[in-house]
Amino acid sequence: MIFLGGTTLNPSDFSVIPEPPAGFKSGFIGIIGRPNVGKSTLMNHLVGQKIAITSPVAQTTRNRLRGILTTPEAQFIFVDTPGIHKPHHQLGKVLVKNAIGAISSVDILLLMVDGSVEAGGGDRFIMEMLTQTKTPVILGLNKIDLRSSLSRPRDVEVIDRSYQELAENLKWPVARFSATTGEGLADLLTLLGDRLEPGPYYYPPDLVTDRPERFIIGELIREQILYLTREEVPHSVAISLDLMEETKDLTRILATIYVERPSQKGIIIGKGGQMLKAIGSAAREQMQKLIEGKVYLEIFVKVQPNWRQSRIHLAELGYKLED
């Protein structure tokens, strides 16, 4: 688990969680929405550190991930979830079930949409689903920084109206912001804070995520595959961290990239090993920022046919239904 500044968590650190001041609030906030609306980017910006990978590829987030922001007045525990979509394989079914499962396990729901385009069928589907929950919902219109590129000023009015009418019918407050630039995030936190109940510190005040460092390191490798390889490859990739040894001067990491077909293995390795070298170099750079130290990274590539359709392989690679 990671503290601010990249330091790691020892189990004993939980024994020193302080008593909260009078009037302190805390709670869990589920961030849900369609794929690629910026959920992970938002959480990274709010906690002030990269704990969730991002990419232009849909369905980047596969695991429910908690990001923790502690202010003098409140502790916000953000639960980033996979994008809700129509699943096409067993992995997709697990991801969607875990995302939907977050709806009933949090104190507040932030439904994020792409505020640079009009509401679509996928947004309406999720909104309809949320009418069945008693959890308070805030509708968050992200990507308002992209509105400056719209050809006509009236387009912004049309976009806002397409969401505003839906939100008013459901009596949901609306927040407009940019997870990339930070515009509007202070107002979003105010809306969320107003709806939190008085509560304790659930985590040490300087913790930013409850996920172990090993998990984030594996995700940093997958992120580079998402950025650097062809469209057919990223969804067929899983990462296994086989070894992580830390010494005073160096962290040694051995990892395996699993793909489903030999052709995908060839793409990952690349001509003369150049693609694998590029993936490893970029991932190692991000890892060194995370742990604030030197990293030796060695990556292997293996073929595991149809791993996304196998419950056994999914569980072995860390993809299972969450409580």
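Student: How do the axes of helix α6 and helix α8 come together, and at what angle do they cross?
Tutor: The axes of helix α6 (residues 213-228) and helix α8 (residues 274-291) cross at roughly 140 degrees and come within 9 Å. Axes here are lines fitted to C-alpha atoms, for helices over the stretch in contact, and angles run from 0 to 180 degrees between N-to-C directions. Helices (H or I, at least four residues) and strands (E, at least two) are DSSP runs, numbered from the N terminus.

Student: Which word describes α6 relative to α8?
Tutor: That angle makes α6 oblique to α8, where under 35 degrees counts as roughly parallel, over 145 as roughly antiparallel, 65 to 115 as roughly perpendicular and the rest as oblique.

Student: Before we go on, what kind of model is this?
Tutor: This is a predicted model, in which local features need pLDDT of at least 70 and side-chain atom pairs count only at pLDDT 80 or more, while totals for chains, interfaces and linings use all residues. Residues are numbered from 1 along each chain as its sequence is written, and side-chain values use heavy atoms, with hydrogens and water left out.

Student: Back to the helices: which residues of α6 meet α8?
Tutor: On the α6 side they are E213, I216, I217, L220, I221, Q224, I225 and L228, and they meet M275, A278, I279, A282, A283, Q286, M287, L290 and I291 in α8, with contact meaning heavy atoms within 4.5 Å. The residues of this contact of α6 with α8 divide into 14 nonpolar, two polar and one charged; Ala, Val, Leu, Ile, Met, Phe, Trp, Tyr, Cys and Pro count as nonpolar, Asp, Glu, Lys and Arg as charged, and the others, Gly among them, as polar.

Student: What else packs on α8, and at what angle?
Tutor: Helix α7 (residues 262-269) packs against α8 at an angle of about 65 degrees, with their axes 5 Å apart. I267, I268 and I269 of α7 make that contact with Q274, M275, L276 and I279 of α8, and its residues divide into six nonpolar, one polar and no charged.

Student: Where do α6 and α8 lie on the strands?
Tutor: α6 lies across β10, β11 and β12, running at about 130 degrees to β10, while α8 lies across β11 and β12, running at about 135 degrees to β12.

Student: And what is the order of strands in that sheet?
Tutor: The order is β10-β11-β12 in an open sheet of three strands with mixed pairing, where two strands pair if DSSP finds at least two bridges between them. β10 (238-246) and β12 (295-303) are the edge strands, each pairing on one side only, and the twist averages 15 degrees from one strand to the next. β10 pairs with strand β11 (residues 251-259) in the antiparallel sense over eight bridges, and I239 stands opposite I257 in β11.

Student: New topic: which residues have a positive phi although they are not glycine?
Tutor: Among them are K143, with a phi of about 70 degrees, and N306, with about 55 degrees. K143 sits in the loop between β6 (137-142) and α4 (153-170), and N306 is in the loop between β12 and α9 (311-316).

Student: Last one: where does pLDDT stay under 50?
Tutor: It stays under 50 over residues 5-9, for which the model has 17 contacts beyond four places in sequence; pLDDT is the predictor's confidence in each residue, from 0 to 100. Where pLDDT is low, the predicted coordinates should not be read in detail. The protein chain averages a pLDDT of 84, and 81% of the residues score at least 70.
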